[in-house]
Amino acid sequence: MAAAQGAGSSSAGPSGPPGSAPGHSSSSTAVAVWEWQDEFGRWRPYRGNVCSYIEQVIQASQQKGRRSGSGLLNSIPLGHADPALAPYVIDIPSLTQFRQDTGTMRAVRRHVFPGDSAAGQGIVWEWQNDEGGWSPYEMNVCVFLEQARATNHQRVDLGPLGYNYEVDFVAQVQTNKSTRFRRSVQRRLDAPYPVTTATTPLHTGVGCSCQQCWPNSGTGPITTRYRHSMTNFPNSSTTHQVPGRTASVSSSNVGFVPYNKPALTGARSTPRLNAQNTLVLAQTGSLSAALAASNGVSVQALPVKMSKPSRVSQALAATPTEPESVVKKYLEELKGAPADEDCMICMEKLSSPSGYSDSCQSSTIRPEAVGRLRNCQHSFHMLCMLAMYSNGNKDGSLQCPSCKTIYGEKTGTQPKGKMEVSTFPQSLPGHKDCGTIRIVYHISRGIQGPEHPNPGMPYTARGFPRYCYLPDNEKGRKVLELLKVAWKRRLIFTVGTSNTTGESNTVVWNEIHHKTEMDSNLSGHGYPDPNYLDNVLAELAAQGVTEDCLGQ
């Protein structure tokens, strides 16, 4: 959604939010909704069953702590609630979701809504994306829409929530007030969210300045992407939808799950929770678009070559000591473990055995062994690193869960395809002094390999070819060369689950953002965007693709 700059009014009712006064309710019956924040500052709710699990774990930990006086839990593995979320853990003190196989961190929070609201009834409002699937509105928008419907409004303006859209309940469409582009909307019944005891005023739809609303108080559009870090979360609720015929797919965190394998959830215990914090989780989205053809003057095709492994390499990959050798290659075992330092993976003290000693056995790595990564000097249980590596792509590289430093050459699971590059003289907004580079990605449907979530099963490839654009200047050409490296390393796409359609076993973007529109940035996927090139360089570096790779 694009953001609007002022409140609007309903055509069939009073101005502002329908029904009761905006902001909060004094009702004591409430439900808890856990949400993750995407790259545009949009808060997306977990499904009701996941929120119920999170609440149950916290309540059980609090009760256990009161009985025994022990510390509360520090992290919650989401794979227990939904196998699709197997790689993800919510770390409570840092208010982040941590993805164990890549080290990606995203913001999460906990919101409380009235029990008689849409959240309490399990009602979800959704808008239709360009792939024909349905994407949920933020929960506060769902509450707002349901309240309007219940009070017989025929049409409501989402301006009070910061969005430049009107929703017509009779026609079941959403209309962009600037472009008049229309999308279908629907109302769907899902599992209700868990009941909780409200200790603060309840959120009923429109953001205000209270503690639970402050992270969501932005009203203006987000014009740049942000790096996902624990110290630089966006402070806006601005939601972006694509105004034209583009398709939104997600690339990480909750909606995008490239690994459908068991979570790293074998830890015997996960201590110490600060339950007073509001919590956090999030997912990146990227878009694909098919735009007009250009006057290409230089065309280059870069196929992905996927050579068949030899019998020798297959045998080496099958030996159980291979993951252990990778861990030992990059970690130096310490003689004494730091007494007061936690292992970021299992959340146990480094002076205690690894939390994964019950689920990950090794003949050469002891449960109490602690290792320090040779370059960044961060320390972890070596058995935890072994479990993390074994749960990932097993490509011979390791990534530090703390600082994301990559050891070795990281490769991905991108299916075979072709990358074409051409240039044409037309300028991009914000780059009038140069022409444009156009990248076209071609990937066809096929059969999943052993590195994919479901080997032997078909995968789909929706929205291809995908067209992307860069300015044809020095920095744009540098980004292009690094994207070529990322393509050869199979890092641009992967096989996973589309966040917009919910379709599994399909090709999705993989954490390196692309501009798929030339002349509009209402969606966040076009120009002008003065920070895009720097941001994508940082994202490439997070995948181990830097200038050092260009000379190789």
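Which residues is Leu145 in contact with, leaving aside its neighbours within four places in sequence? Here they are: Trp125, Tyr137, Val156, Leu158, Val167 and Phe169, where contact means heavy atoms within 4.5 Å. Before we go on, a word on the basis: this is a predicted model, in which local features need pLDDT of at least 70 and side-chain atom pairs count only at pLDDT 80 or more, while totals for chains, interfaces and linings use all residues. Residues are numbered from 1 along each chain as its sequence is written, and side-chain values use heavy atoms, with hydrogens and water left out.

Leu145 leads us to the largest nonpolar core, which has 42 residues. Such a core is a set of buried Ala, Val, Leu, Ile, Met, Phe, Trp, Tyr and Cys residues joined through side-chain atoms within 4.5 Å, and buried means under 20% relative accessible area, with exposed over 50% and partly exposed in between (1.4 Å probe, protein chains only). Tyr46, Ile54, Ile90, Tyr137, Leu145 and Leu158 touch the most other members. Among the elements that each supply at least two residues of this core are helix H1 (48-68), strand E7 (105-114) and helix H3 (139-150); helices (H or I, at least four residues) and strands (E, at least two) are DSSP runs, numbered from the N terminus. H3 gives the most to this core, with seven residues. There is also a second, separate core of 38 residues, including Leu470, Leu491, Ile492 and Val545. In soluble globular proteins, nonpolar side chains tend to be buried together.

H3 lies across E8, E10, E11 and strand E13 (182-189), and runs at about 105° to E8; axes are lines fitted to C-alpha atoms, for helices over the stretch in contact, and angles run from 0 to 180 degrees between N-to-C directions. These strands belong to an open sheet of six, in the order E9-E8-E13-E12-E11-E10, with antiparallel pairing (two strands pair if DSSP finds at least two bridges between them). At its edges are strand E9 (134-136) and strand E10 (155-157), each pairing on one side only. Neighbouring strands are turned by 30° against each other on average, direction ignored. Within the sheet, four bridges join E11 and strand E12 (residues 173-176), and Asp168 has Val173 in E12 as its bridge partner.

E19 and E20 are joined by three bridges, and Leu331 stands opposite Leu373 in E20.

The loop between strand E19 (331-333) and strand E20 (370-373) holds Lys349. This lysine is partly exposed, with a relative accessible area of 28%. Not counting residues up to four places away in sequence, Lys349 touches Ala339, Asp340, Glu341, Asp342 and His381.

Finally, turn to a helix pair. The axes of helix H7 (residues 474-488) and helix H8 (residues 532-542) come within 10 Å and cross at roughly 25°. H7 and H8 are therefore roughly parallel, a label for angles under 35 degrees, with over 145 counting as roughly antiparallel, 65 to 115 as roughly perpendicular and the rest as oblique. On the H7 side, the residues that meet H8 include Val479, Leu482 and Leu483, and their counterparts in H8 include Val536, Leu537 and Leu540.
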